[in-house]
Amino acid sequence: MFRLIITFAGFIIVLSCSSKQVKQPVEIKDSVAASAVFPKEIFPVDSVIRSLTCANDPTQSLALYLPPSYSSEVKLPVIVFFDPHGDGSLPVSKYHSLAKQFNYILIGSNNAKNGLTLSQTNTIIATLLNDSKHRISIDEQRISLAGFSGGAKVALSYASDQNEISNVIYAGAAVALQHPNPGLVLLGFAGVNDMNYTDLLTFDQSLAAHNLTHYLIEWNGKHEWPDAATFQHAFYWITFNSMRSHLQEPDKEIIKEYKHQHEKAMQISTAPIAKAMLLNEALNFLHGISSTELYSQQLTTIGKNKTYQEEIIGKQQAVQKEQALKQEYYSAFSQKDLKWWNQEIARMNSISDPVSKPMYQRLLGFISLACYSISGNAIHQNQWETAKKILAVYRLADPENADQAFLEACYFAKTENPAQAITSLKRAVVLGLKDPAKLKNEPALSSLQSEPEFIAIVEGIQ
């Protein structure tokens with residue numbers, strides 16, 4: 001059964017973190033390298049620590065948030081985050097209010113990121129977890145991993161054969177699980193405008209073969225970390241799973257609040273498929289800790305609704321069409337010229353039909369991601385004609401993408417056009433490139449290392 005598309009209009013079951021005024025935490029920006037010698041309780045509470053150096057590996061650091069109730073006397077559950085750009089403070093800052101509400105510790109890796117091997121990321125995670133368990137009062141039976149995009153793949157890969165991980169929250173991407181730990185519990189987030197949307201639907205369906213507890217939430221977003229209101233589902237999910245596993249006492253107030261929000265969403269929902277998916281979510285979230293008989297009865301009734309049946313068939317057909325178009329566009333990279341791509345991308349951007357537009361926006365994202373991979377490989381292998389063409393398609397499909405400008409700079413540098421390379425690097429910085437190490441360590445840019453403009457760019461983002 002397909003999952004509910006959660007929209008800001010009301011299909012989402014969470015509206016706010018708290019009715020009370022939440023004090024914004026102080027951000028501690030400097031690395032806390034000396035903290036390894038301090039006892040656990042000295043870490044500031046209700047503060048986002050952006051960079052805390054690992055005691056057992058000074059080359060690694062983590063972002064940290066401890067809720068106001070934290071003390072070394074009581075062990076609290078923890079969510080460890082993996083961002084594709086190695087920015088652990090991003091999700092920790094984004095969800096700290098939820099951690100305060102649910103009384104969770106948040107940790108974000110500043111080292112696990114795209115471009116590393118599985119062996120490297122597994123070592124980083126093991127080091128981070130070992131360091132954190134020695135320095136922070138963590139409930140080792142309630143360790144959850146959460147990742148977005150490449151970070152989601154990192155979290156899923158590590159947790160699949162690690163008994164110490166109780167839950168994995170993945171968003172924006174997934175990776176096939178070969179022989180996952182049977183006790184692993186999974187919750188996914190798929191943005192309806194995310195290029196990986198249909199892939200996430202397919203991955204969720206594949207989990208049935210592993211007999212794992214899992215659920216997928218669709219939300220009104222693109223390829224990005226879910227907003228805090230949407231991500232509140234993750235805290236409910238982990239907390240309810242802990243209750244089912246008898247790792248914490250049933251909390252009637254949390255269950256009551258979830259039900260209250262669910263009822264409000266049901267009142268707002270009008271489409272049968274929206275109501276059905278809200279009911280299906282409640283069944284998955286509340287089974288074993290609260291009565292779900294009423295939800296089951298209502299879902300059975302909706303399942304007999306002709307409009308609902310037609311909507312389900314329509315969605316299945318749309319997913320199949322999108323997957324087929326992905327294959328066609330992938331073939332077009334080698335079969336179609338730049339003129340065709342210019343016309344096709346212009347057509348895709350001009351589509352205004354509310355039913356078709358989200359699909360074509362996702363397909364543009366798919367083209368962007370494919371261009372990133374193809375052009376990067378072409379540059380590495382000195383295939384200049386292919387690189388030039390695919391970089392042009394990349395810019396048409398995703399003109400605001402910093403990675404496109406960066407790869408373009410690599411292409412120009414390797415084809416002995418330093419002026420154009422510098423121009424592309426400046427555009428990459430304007431579009432959001434902020435990692436000086438990426439510039440200094442890129443072999444394709446080695447010819448620019450001594451150029452004054454290159455040095456100025458690097459210094460400007462440090």
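1. How much accessible surface does the protein have, and what share of it belongs to carbon and sulfur atoms? Bear in mind as you read on that this is a predicted model. The accessible surface comes to about 21,400 Å², and carbon and sulfur atoms hold 51% of that area.

2. On the overall build, you will find 16 helices and ten strands in the protein. The radius of gyration is 23 Å, close to the 23 Å from the globule rule for 462 residues, so the protein is as compact as a globular protein of that length. Along the principal axes, a box of roughly 70 × 65 × 45 Å holds the C-alpha atoms.

3. Turning to the interior, 52% of the 462 residues are buried. Among contacts with a separation of 6 or more, 65% are between residues 24 or more positions apart.

4. A word on charge: the protein carries 40 positive and 44 negative side chains. The centres of these two sets lie 4 Å apart.

5. Now to the aromatic side chains, where the count reaches 24 pairs. One of them joins Phe189 and Phe231, a stacked pair with 5.6 Å from centre to centre and 25° between the planes. Phe189 sits in strand 9 (residues 185-191) and Phe231 in helix 5 (residues 228-244), so this pair ties together parts that are 42 residues apart in sequence. Both Phe189 and Phe231 are buried.

6. Why does the pair of Tyr258 and Phe285 count as stacked? Planes under 30 degrees apart meet that description, and here the planes are at 5°, with the ring centres 5.5 Å apart, so the pair is stacked. Tyr258 belongs to helix 6 (residues 252-268) and Phe285 to helix 7 (residues 272-286), which makes this a link between distant parts of the chain, 27 residues apart. Tyr258 is buried, as is Phe285.

7. Two backbone positions deserve a look. His246, in the loop between helix 5 and helix 6, has a positive phi near 65° while being a residue other than glycine.

8. Glu416 is found in the loop between helix 13 (402-414) and helix 14 (418-430). Its relative accessibility is 73%, so Glu416 counts as exposed.

Methods. Residues are numbered from 1 along each chain as its sequence is written. This is a predicted model: local features need pLDDT of at least 70, side-chain atom pairs count only at pLDDT 80 or more; totals for chains, interfaces and linings use all residues. Side-chain values use heavy atoms; hydrogens and water are left out. Helices (H or I, at least four residues) and strands (E, at least two) are DSSP runs, numbered from the N terminus. The radius of gyration is taken over C-alpha atoms; the globule rule is 2.2 Å times the number of residues to the power 0.38. Buried means under 20% relative accessible area, exposed over 50%, partly exposed in between (1.4 Å probe, protein chains only). Contact means heavy atoms within 4.5 Å. Accessible areas come from the Shrake-Rupley method with a 1.4 Å probe; for residues, only the protein chains shown count as cover. Lys and Arg count as positive and Asp and Glu as negative; His and the chain ends are not counted. The place of a charge is taken as NZ of Lys, CZ of Arg, CG of Asp or CD of Glu. Rings of Phe, Tyr and Trp (its six-membered ring) pair if their centres lie within 6.5 Å; planes under 30 degrees apart count as stacked, over 60 as edge-to-face and the rest as tilted.
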